[in-house]
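User: I'd like to learn how to read salt bridges in a protein model. Could you walk me through it?

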Amino acid sequence: MDKMSGSSLYNYILRTFKRTDKETEVYEAITDTLVDMCERFGFEDTKVEAYTTSGITALGDYKIDLPDDFGRLLGDVRWSDQDDSYVLQRLSKREFHEMFPDPYGDDPIDGEPTHYCVFGKQILLGPVPDDVTYEYQIDYSTFPAGEITSTSSDVLFTDVARECIRYGTLYRLFEQMEKFDLSGYHKQKYEEELGQFVSRETGNIRSMFSMRQVDF
């Protein structure tokens, strides 16, 4: 089955929900459901293997902007100079500034990066890179980059888990309407469907591992 468009998914949900005066709320609940699913588990459909040199464009720069659809890192950042490569060690923001106290100053510690931290939708590298041609491999899972609307195409998970999305959307809508019996029923069905989806994905990961590759 192909992925559904935003309008097709909306019509699919309205076969149960019926209310045509709640279009905005329906699309908001769809978006919230997809974000919740992405937060719960790193599904294969959300995994990206990315390589970038574009984040470091000038000597002295040590920050790489994360993509708009970034959800969470999968593993650690890998550094490469096209000959050698290694995994960078992850630090908390506090540990990063203790080890690299003045990366934005006049005389920062520079060299081949060995550590990183994630802060403010950016990856901070330490030491400050001494070459702008270094590459950084960043494997991550995505979150929806924007709200689902009637013009959205290929809505995430609708080819493999549209019932799960429907139940998750309905439980949120009925909760807003204070129809708690209906909300509770659909939430239970959502959790059951989501558990089955996670179980299928876990089995697939064990037997075969793949990522799509992008540059950003």
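This is a predicted model: local features need pLDDT of at least 70, side-chain atom pairs count only at pLDDT 80 or more; totals for chains, interfaces and linings use all residues.

**Reading the salt bridges**

User: Which residue forms a salt bridge with Arg40 at 3.4 Å?

Analyst: A salt bridge needs a side-chain nitrogen of Lys or Arg within 4 Å of a carboxyl oxygen of Asp or Glu. Here, Asp36 pairs with Arg40, and their closest N and O atoms are 3.4 Å apart. Both residues sit in helix H2 (residues 23-40), four residues apart, so about one helical turn separates them. Asp36 is buried, with a relative accessible area of 15%.

User: Where does Glu191 lie, compared with Arg40?

Analyst: Glu191 forms a salt bridge with Arg40 too, with the closest N and O atoms 2.8 Å apart. Arg40 belongs to helix H2 and Glu191 to helix H5 (residues 180-207), so this pair ties together parts that are 151 residues apart in sequence. Glu191 is partly exposed, at 30% relative accessibility.

User: How many salt bridges does the structure hold?

Analyst: There are eight. Another one of them joins the side chains of Arg166 and Glu163, at 3.7 Å from N to O. These two lie in helix H4 (residues 162-176), three residues apart, about one turn of the helix.

User: Are Arg166 and Glu163 buried or partly exposed?

Analyst: Arg166 is buried at 14% relative accessibility, while Glu163 is partly exposed at 36%.

User: Which residues are joined into one network?

Analyst: Asp36, Arg40, Arg172 and Glu191 are, through salt bridges that share partners.

How values were computed
Residues are numbered from 1 along each chain as its sequence is written. Side-chain values use heavy atoms; hydrogens and water are left out. Buried means under 20% relative accessible area, exposed over 50%, partly exposed in between (1.4 Å probe, protein chains only).
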